[in-house]
Amino acid sequence: GPQTAEKLDFNQITYVDELLEIDDEYLVVQRDGEKQMETIKSHFPMLLTVTSNANEPRYPDSRKMLQYFRADLADNFEDEMQEKAEENGWIIPVLDAAELGLEEERCGLTGSPTRVHNIKNIKLAGGDLEIYSDKDEGIKDLVKDIMKDYVEVE
Amino acid sequence: MKTLVYIEKDPTNNKVREVSVELTAKAYSMMEPLDGEVIGAFIGYGLPENSDVLFKYGMDELINLTDERLENLQSMVVKEVLSEIIKEEEPDIVLFGATHNGRDIAPLVASNLKTGLTADCTQLKVDDYKDKGKRLFQIRPAFGGNIIATIITPEDTPMMATVREGVMPLPSETVDNPVNVEKLNETFDEELIMNEFLSVVQKEQKVNLKKTDIVVSGGAGVGSAENFKLLHDLAEALGGDVGASRAAVDFGYADKERQVGQTGTVVRPKLYIACGISGQVQHRAGMEESQKIIAINKGPDAPIFDIAHKGIVGDLNEVIPTMLHYLKEEE
């Protein structure tokens, strides 16, 4: 989110919980400032990032799902299908770096300033597990051990 | 080498946010062996009242811009001012707390300076990298936490990272550097103040799992919100507090503020009692540094037993009431 805002040269509001008011020129949102809730008014253009509280997505419209069931990239349609695909709005448009005015050397994996140096699978520490029985005696021993170590006796 | 730490203030008590102190100490531990420097940057309104704590943990200089209009986050101003400070000071490394505001600012600045940023690092170290000299090794869980990736920014500077609060423990020893607070004379373009704060209400923090010595946590295996009350009873009997796995929160057994794990709070209490928690890696990331872990789970193969010190294989709805019974008896 923020990196996109920076590239667009837009103001941003992150962690938006709720849209409270919207007008032609501005909007008012509630931002989760972690330690405080903030009501912010800001003018367009701006980029918002939202929290999971911001919206309950509706289910997809089943008629539209059927209508666009065949949607695909232009290259994946046979020549004789192109016209029909276009009429039905099945062609998913593709933009390339040149159309978006991007520097190619800053795109994709090789364009990223960061590199993955190595990856490791997580090994579990493997503790000195002591199993207590789930019968009364075992539970009693566990409670005794907890009391001994952690609960201050007055 | 030089590391800059973005310093934040906790608006609820006007003190330095804990993560800012933790990162200062971490930066010092990386810079000290290299004869490097640790500086801080604070951009807001009014220095945190206990700013001197930063120098105790190894900060050399705290650069600050304080202005009434920056009492609440003005991302565009902070981006500009911080980018200017970075261009002026030329740090090799810039660290941010992975707080809401840190996560707001860090990517803006990284993008503005066209450099790399690694979010939510769990370990950081400086080491030689190929022929590039000393670089920052940024270690973090990836792909849902099942692997640990080491990420490098090989060419660009500064190398930037965010770290969540509680991930880097404070050292027991302090260094007591002299207090050195440097006020920034520059000002900023008024037009960058783009957010108007109509109201700000401090959140009531009801739960602070970080400050509790004993955490009793429940997962999906608890089975219902009703059963979850047992955990509250156990926590109360032990003088602790209640945590929850993400699954338990998603099922509505517990409030989100109780969530422990990669997307919740990171805790390291003296005792962590995991009840009905299978022990997915995302949960373990938030509690495996606990001094002692007790697991109560029906499934003997649950991964939680791999990191637990003590365990009972059984139904927590029978085990916990029995525990409560014996706790009463012990008293």
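Visitor: In this predicted model, how much area is buried between chain B and chain A, and what share of that area do carbon and sulfur atoms give?

Guide: An interface's size is often expressed as the accessible area that is lost when its parts come together. Here, chain B and chain A bury about 5,900 Å² between them, and 59% of that area comes from carbon and sulfur atoms. On the side of chain B, the three residues B:H100, B:K203 and B:Y326 supply 11% of the area buried against chain A, more than any other three residues. Counted by residues, the contact joins 73 residues of chain B to 58 residues of chain A.

Visitor: How many salt bridges are there between chain B and chain A?

Guide: The count between the two chains is 6 salt bridges. B:K203 forms a salt bridge with A:D32, in which the closest N and O atoms are 2.6 Å apart.

Visitor: Turning to helix packing, at what angle do α5(B) and α9(B) pack?

Guide: A pair of packed helices is described by the angle between the axes together with the distance between those axes. Helix α5 of chain B, residues 225-238, packs against helix α9 of chain B, residues 316-330, at an angle of about 25°, with the axes 10 Å apart. Because angles under 35 degrees count as roughly parallel, α5(B) is roughly parallel to α9(B). The crossing of these two helices is left-handed.

Visitor: Which residues of α5(B) and α9(B) meet?

Guide: Residues of α5(B), including B:L230, B:L234 and B:L238, meet residues of α9(B), including B:I320, B:M323 and B:L327. By class, this contact has 11 nonpolar, 2 polar and 1 charged residues.

Note on methods: Residues numbered from 1 in each chain as written. Chains lettered and ligands numbered in written order. Predicted model: local features only at pLDDT ≥ 70, side-chain atom pairs only at ≥ 80, totals over all residues. Heavy atoms only, no water. Axes fitted to C-alpha atoms, helices over the stretch in contact; angles between N-to-C directions. Helix = DSSP H or I, 4+ residues; strand = E, 2+ residues; numbered from the N terminus. Parallel < 35°, antiparallel > 145°, perpendicular 65-115°, else oblique. Left-handed = near helix turned anticlockwise from the far one by under 90°. Contact = heavy atoms within 4.5 Å. Nonpolar A, V, L, I, M, F, W, Y, C, P; charged D, E, K, R; others polar. Buried area = accessible area lost by both parts, 1.4 Å probe. Salt bridge = Lys/Arg side-chain N within 4 Å of Asp/Glu carboxyl O.
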